[in-house]
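Biologist: I am new to this one. Please show me the structure, and then let me ask how you know what you say.

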Amino acid sequence: LVFSKQTMFKLTYSNFLLLFIITPIIILLILINKASKNRHNLNNDFIWICFIALIAFLWTPIWDNYLVANKIWWYDNNLVFENLIIAYVPIEEYCFFIIQPIFVGLYLKYNILLNNNMSSSSFSIT
């Protein structure tokens with residue numbers, strides 16, 4: 001977090017990723033590991049999640065760089081790593097292109113595991 005005189009703190013892009021994307025990914029990985037019974041299917045799902053992240057990483061920078069180059073979208077240089085800009089986009093955005101689909105994929109995987117575990121458990125209300 002970056003502290004300044006004007007505000008209590010500024011949430012940098014890297015801190016945003018750490019707090020709101022990477023931390024939930026770690027929590028989801030722990031929960032998925034506990035909920036999963038079949039490691040082979042889990043590995044296959046992770047391969048597909050990474051494949052989707054790769055597609056997002058290859059596709060998204062094209063239009064994101066276009067938007068920034070044409071001043072439709074911008075990044076505050078005080079909130080990103082200024083020296084780590086590729087084309088027009090900061091490195092944090094490229095990281096976001098990869099980890100956001102991973103986060104969503106893991107969230108979906110965990111919900112599928114929860115539903116499967118709930119439906120396979122036998123209980124009755126009498």
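Modeller: Start with W48: it is exposed, at a relative accessible area of 56%.

Biologist: Why is W48 called exposed?

Modeller: Exposed means over 50% relative accessible area, buried means under 20%, and partly exposed lies in between (1.4 Å probe, protein chains only). W48 has 56%, so W48 counts as exposed. Bear in mind that this is a predicted model: local features need pLDDT of at least 70, side-chain atom pairs count only at pLDDT 80 or more, and totals for chains, interfaces and linings use all residues. Residues are numbered from 1 along each chain as its sequence is written, and side-chain values use heavy atoms, with hydrogens and water left out.

Biologist: What makes W48 and F51 an aromatic pair?

Modeller: Rings of Phe, Tyr and Trp (its six-membered ring) pair if their centres lie within 6.5 Å. The centres of W48 and F51 are 5.7 Å apart. Planes under 30 degrees apart are stacked, over 60 edge-to-face, and the rest tilted. Here the angle is 90 degrees, so the pair is edge-to-face. W48 and F51 are three residues apart in helix α2, so about one helical turn separates them. F51 is partly exposed, at 42%. The whole structure has seven aromatic pairs. Ring pairs also link Y13, F16, F20, W73 and Y75 into a cluster.

Biologist: What makes W48, F51, I52, L54, I55, L58, W59, I62 and W63 a nonpolar surface patch?

Modeller: Patch residues have over 30% relative accessible area and no salt bridge; nonpolar side chains (Val, Leu, Ile, Met, Phe, Trp, Tyr) are joined within 5 Å, like charges within 9 Å. W63 has 42%, so W63 passes the area cut-off. The patch covers about 1000 Å². Areas come from the Shrake-Rupley method with a 1.4 Å probe; for residues, only the protein chains shown count as cover. W63 sits in helix α2 (residues 39–69).

Biologist: How do you know that K109 forms a salt bridge with D45?

Modeller: A salt bridge is a side-chain nitrogen of Lys or Arg within 4 Å of a carboxyl oxygen of Asp or Glu. The closest N and O atoms of K109 and D45 are 2.4 Å apart, so the pair qualifies. K109 is in helix α3 and D45 in helix α2, 64 residues apart. The structure holds one salt bridge.

Biologist: Is K109 buried or exposed?

Modeller: K109 is buried, with a relative accessible area of 13%. D45 is partly exposed, at 26%.

Biologist: Which residues touch the most other members of the largest nonpolar core?

Modeller: I25, I32, Y75, I102 and L106 do, in a core of 21 residues. Helices α1 (13–35), α2 and α3 (91–120) each supply at least two residues of this core. A nonpolar core is a set of buried Ala, Val, Leu, Ile, Met, Phe, Trp, Tyr and Cys residues joined through side-chain atoms within 4.5 Å.

Biologist: What is Y75 in contact with, beyond four places in sequence?

Modeller: Contact means heavy atoms within 4.5 Å. The partners of Y75 are Y13, D64, V68, V80, V89, P90 and E93.

Biologist: How many helices and strands does the protein chain have?

Modeller: Three helices and two strands, in the order α-α-β-β-α. Both are DSSP runs, numbered from the N terminus: helices (H or I) of at least four residues, strands (E) of at least two.
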